[in-house]
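Please open the model in a viewer and keep the selection panel at hand.

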Amino acid sequence: SALYVAKTLQDLGGTLWISRVPETLVDARETIAAIAPDLLETPDEASFRSIGMTYAGIQQRWLVVYTPEAHHRATESINKQVQKQTRASVKTFQKLCRQDFACIEEAQKSLDAYKKSQTFIEVMDEQIIEIPRYKNSGRPGKDQKPDYFSYRIEGNLATLLAERQQRIERKSCYILATNQLDSELLADQEIIHKYKNQQKVERGFRFLKDPLFMASTLFLKSPKRIMALTMIMTLCLLVYAALEYKIRQALRENDQTFPNQKGVEIPNPTARWVFQFFAGIHVLLVQELQTIVLNMNQYHFLIVRLLGSEYEKLYSGN
């Protein structure tokens with residue numbers, strides 16, 4: 001959602017775009033808070049709500065999207081957060097209740113500061129009690145007046161369940177925005193589909209930044225050379241993605257599987273793992289008359305067979 005900044009959206013002009021809306025925006029938080037309860041009426045079903053919105057002077061279509069998976073993640077995350085903060089809040093309050101204050105105002109100020117710092121905790125039945133103090137040790141006499149008074153805080157703590165529920169609702173939903181207002185040219189469901197598909201692109205560019213790709217080992221000053229390197233890297237990514245697609249499609253069509261890093265048979269291995277799996281294969285030349293490919297197993301043969309005869313030739317030797 002880094003794209004979704006007022007200046008950037010205005011600079012895009014008439015370019016059509018789809019972007020996630022950052023939840024840091026007040027409009028986004030208010031929109032989710034208003035719509036999320038309706039979407040959560042059927043928590044086991046994915047749903048969305050389309051609304052019109054204007055941001056940065058640009059008319060847009062916002063989709064508030066809810067998914068059961070996000071709801072499950074949000075519930076686990078918020079519950080852990082509530083438990084952690086509650087334990088810390090209880091310890092802090094117990095420590096506060098053991099503290100002596102010189103006057104009521106000082107005690108009240110500390111209590112107000114504690115209440116202001118809490119997110120999921122509310123102080124109930126709060127009171128400030130007056131405790132007589134004596135300078136001399138031992139039990140005071142029956143009619144002995146205290147030398148001074150100290151003040152302590154008392155009260156009970158309660159968890160704010162409404163705040164917890166609002167946090168869960170807010171994290172269970174996200175907002176997608178587009179400046180394509182015509183739903184016939186771009187249906188609401190298509191917006192969600194296109195947004196989720198960009199994950200494949202992001203995963204590919206994450207691969208480019210991986211140390212195994214070694215792009216960071218090249219130091220270039222010239223903008224032209226940087227652009228050329230970027231073009232080559234993108235071309236490599238295109239080949240990488242095409243090969244991964246071809247492997248997965250061939251596995252599905254032939255009802256075959258390939259072991260992942262944990263040895264579990266799966267139909268959709270990544271090209272990166274297939275590359276790593278093929279590491280350690282060597283070519284042995286026997287008196288320059290015979291070529292033998294070593295260390296091939298059934299899964300290596302499976303991949304090259306599914307990819308086609310051109311690949312099989314490379315690994316067949318002579």
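## Stop 1: Ser-19 and strand E1

Select Ser-19, which is buried, with a relative accessible area of 4%. The model on display is predicted. Ser-19 belongs to strand E1, residues 18-20. Next, display what surrounds this residue: apart from neighbours within four places in sequence, Ser-19 is in contact with Ser-1, Leu-3, Tyr-4, Ile-175, Leu-176 and Ala-177.

## Stop 2: Salt bridges

The structure contains eleven salt bridges. Several of them are visited here.

Begin with helix H1, residues 6-11, and show the side chains of Lys-7 and Asp-11. These two side chains meet in a salt bridge with an N to O distance of 2.9 Å. Within H1 they are four residues apart, about one turn of the helix.

Move on to Asp-38 and Arg-49, whose closest N and O atoms are 3.8 Å apart in a salt bridge. Asp-38 sits in helix H2 (residues 26-39) and Arg-49 in strand E2 (residues 47-55), so this pair ties together parts that are eleven residues apart in sequence. Asp-38 is partly exposed at 39% relative accessibility, and Arg-49 is partly exposed at 34%.

Now select Glu-190 and Lys-194, which form a salt bridge with closest N and O atoms 3.6 Å apart. Both lie in helix H6 (residues 188-208), and being four residues apart they are separated by about one helical turn. Lys-194 has a relative accessible area of 43% and is partly exposed; Glu-190, with 32%, is also partly exposed.

To close this stop, select Asp-100, Arg-133 and Arg-152 together. A network of salt bridges links these three residues.

## Stop 3: Two residues with positive phi

Select Ala-56, in the loop between E2 and strand E3 (58-66). Its phi is near 60°, a positive value in a residue other than glycine.

Then select Asp-255, in the loop between helix H7 (223-253) and strand E7 (258-259). Asp-255 is not a glycine either, yet its phi is positive, at about 55°. This residue counts as exposed, at 72% relative accessibility.

## Stop 4

Select residues 104-117, which make up helix H4. The helix has 14 residues and reaches 20 Å from its first C-alpha to its last, close to the 20 Å expected at 1.5 Å a residue.

Which residues of H4 are buried? They are Ala-107, Leu-111 and Tyr-114. Turn the view to look down the axis of H4: the buried residues fall within an arc of 60°, so they line one face of the helix. An α-helix has 3.6 residues a turn, so residues three or four places apart point the same way.

The buried residues of H4 pack against helix H3 (68-97), strand E4 (121-133) and strand E5 (148-159). On the face turned away from the buried side, H4 carries the exposed residues Glu-105, Lys-109 and Lys-116.

## Stop 5: Ala-158 in strand E5

Select Ala-158, which is found in strand E5. At 26% relative accessibility, Ala-158 counts as partly exposed. Leaving aside neighbours within four places in sequence, its contacts are Phe-120, Ile-121, Glu-122 and Met-124.

## Stop 6: The largest pocket

Finish at the largest pocket, which has a volume of about 400 Å³. To centre the view, select Lys-200, Val-201, Arg-203, Ala-241 and Glu-244, the closest to its centre of the 15 residues that line this pocket.

Which helix gives the most to the lining of the largest pocket? H7 does, with nine residues.

Methods:
Residues numbered from 1 in each chain as written. Predicted model: local features only at pLDDT ≥ 70, side-chain atom pairs only at ≥ 80, totals over all residues. Heavy atoms only, no water. Salt bridge = Lys/Arg side-chain N within 4 Å of Asp/Glu carboxyl O. Buried < 20%, exposed > 50% of the residue type's maximum accessible area, 1.4 Å probe, protein only. Expected span 1.5 Å × (residues − 1). Arc of directions from axis to C-beta. Contact = heavy atoms within 4.5 Å. 1 Å grid on protein atoms, 1.4 Å probe; cavity = no way out; pocket = protein on both sides within 12 Å on 5 of 7 lines; lining within 4 Å. Points joined across faces, edges and corners; volume = space filled by probe spheres on them.
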